Amino acid sequence: MSVPLAPRSRTPLPEAPAPAAGVWPASTRVLPGGDLAVGGVPLAELADRFGTPSYVIDEDEVRARARAWRAALPTSDVAYAGKAFLSRAMIRWIEEEGLHLDVCSAGELELAALAGFPAERIVLHGNAKSPDDLRAALRLGVGRVVIDSTGEVARLAALVPPGARQRVLVRVVPDVAAGAHAAVRTGVAGQKFGLPLTGGEAEDAVARVLGQHRLELTGLHCHLGSQITGLDPYVTAVRRLVPFLARLRERHGVTFPELDLGGGFAIPYREGEPTVDPRAYAERVCGELVLQCARFDLPVPRLTVEPGRWIAGPAGVALYRVLAVKRTGERVFVAVDGGMSDNPRPALYGVRYTVRLVGRASGEAPRAMTVVGRHCEAGDVLAEDVPLPGDIRPGDVLAVPASGAYHVSMASAYNLVGRPPVAAVSGGRARLLIRRETLEDLRSRDMGD
Ligand SMILES: Cc1ncc(COP(=O)(O)O)c(C=O)c1O
Ligand SMILES: N[C@@H](CCCC[NH3+])C(=O)O
């Protein structure tokens with residue numbers, strides 16, 4: 001059942017609330033008439049031009065966020081985790097801002113090569129790298145391959161051409177539980193990534209790498225998890241990793257020039273939610289690293305961090321058009337033209353988002369509504385109990401901020417809806433980075449027999 005249109009309000013419209021800082025790109029402005037502009041471009045105009053659902057990414061926000069990490073850690077390497085969002089333009093921005101790049105497949109790696117990203121600044125991850133992944137890494141000359149299992153050591157070494165040496169890190173598990181959801185906690189035992197510090201697996205892998213003359217071990221890697229809201233887990237990891245480095249020196253006579261502590265830095269999806277400040281990270285985590293190295297009389301390794309979400313997330317806004325409004329009992333469902341195919345995160349991790357009507361002002365008081373997608377699952381919910389104006393109606397455009405990470409990169413073709421386009425905005429102009437996946441794209445994969 002559709003909700004009848006609300007009568008037009010005759011009283012002056014109340015001023016639209018300011019978009020919450022940190023949740024929306026810093027360039028976001030409220031326009032007269034109720035729309036929002038991001039990067040100087042009205043969102044409703046973008047919805048008309050590129051269609052819906054679509055994703056908007058603020059180039060200047062991405063660049064500013066990349067610079068924030070670089071400025072906080074001037075003597076470290078900052079590797080953007082491409083799994084959060086990757087396109088050739090994004091790779092170029094990251095390259096121009098002086099970052100490194102973390103990839104986890106031949107696909108991500110080939111895109112980076114196509115965009116001209118220097119291979120030396122690339123680190124390849126993966127708990128199950130295919131022969132194609134490893135061959136692509138060696139062919140393109142990636143800077144580091146992160147060993148994730150003991151068996152991988154000989155497998156990689158066997159592919160390195162005679163006379164060459166591949167630099168590698170060994171991924172270890174410091175047994176630190178951190179991250180917003182069990183599915184993204186990778187710093188603990190009992191999950192698939194890395195090699196536990198306790199129990200001998202990590203040391204065994206280190207010994208195997210040291211025994212391979214075609215591999216050069218430059219250090220350790222660990223990644224605790226994702227959407228980590230505080231710094232304590234990183235400090236604890238350092239307190240466990242440095243004694244392990246001291247043990248490796250004692251038993252194998254080696255010290256390493258590098259240490260990669262991964263990413264995982266939280267962003268706010270709703271007003272008031274916590275984030276991680278790169279300067280605070282530099283002070284506390286780098287401070288702890290210096291302290292622990294001094295304690296064990298070890299040289300301080302060059303640090304790498306791998307922020308993904310923190311750089312891309314707050315730069316992105318998803319745009320949807322309302323297709324139907326339905327009241328059932330006490331609940332109002334607002335159904336839009338996207339859903340779990342472009343944003344599986346609420347279904348996977350129970351994430352709660354901010355939603356805002358754009359393109360027009362409304363004088364109606366807000367009420368709690370549930371924004372749902374168009375897919376064939378009752379769990380296809382984008383945002384539960386979000387305040388939206390009572391006169392919300394089909395044709396309205398809804399904007400969802402903090403959508404720049406792990407939406408487009410995790411999008412699927414469920415129900416053959418087609419993945420949405422991505423447009424970049426900057427300085428009042430918009431351009432298409434990734435076009436919409438068309439029905440023809442989808443149909444052409446079906447061989448017909
Ligand atoms: C090895 C590695 N590094 C970096 C990241 C980036 O994480 P985030 O986007 O939470 O910063 C991930 C994903 O969690 C990862 O697996
Ligand atoms: N995909 C997750 C994060 C996992 C990070 C990848 N290692 C998310 O959307 O929050």
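**Close-up 1. The shell around ligand 2 by residue class.** This shell has 4 nonpolar, 2 polar and 2 charged residues. Ala, Val, Leu, Ile, Met, Phe, Trp, Tyr, Cys and Pro count as nonpolar, Asp, Glu, Lys and Arg as charged, and the others, Gly among them, as polar. The residues are Lys-83, Val-184, Ser-226, Gln-227, Arg-345, Tyr-349, Tyr-406 and Met-410. Each has its C-beta atom, placed from the backbone, within 6 Å of the ligand. Domain 1 (29-58 + 314-444) and domain 2 (59-312) each supply at least three residues; the bounds come from an automatic or database domain assignment.

This is a predicted model: local features need pLDDT of at least 70, side-chain atom pairs count only at pLDDT 80 or more, and totals for chains, interfaces and linings use all residues. Residues are numbered from 1 along each chain as its sequence is written, while chains are lettered from A and ligands numbered from 1 in the order in which they are written.

**Close-up 2. The shell around ligand 1.** Of its 16 residues, Ala-81, Ser-226, Gly-263, Gly-308 and Arg-309 come nearest. By class, the shell has 5 nonpolar, 7 polar and 4 charged residues.

**Close-up 3. Ala-154 in helix 6.** Helix 6 covers residues 150-159; helices are DSSP runs (H or I) of at least four residues. Ala-154 is partly exposed because it has 14 C-beta neighbours inside 10 Å (buried is 20 or more, exposed 12 or fewer, partly exposed in between).

Note on methods
Helix = DSSP H or I, 4+ residues; strand = E, 2+ residues; numbered from the N terminus.
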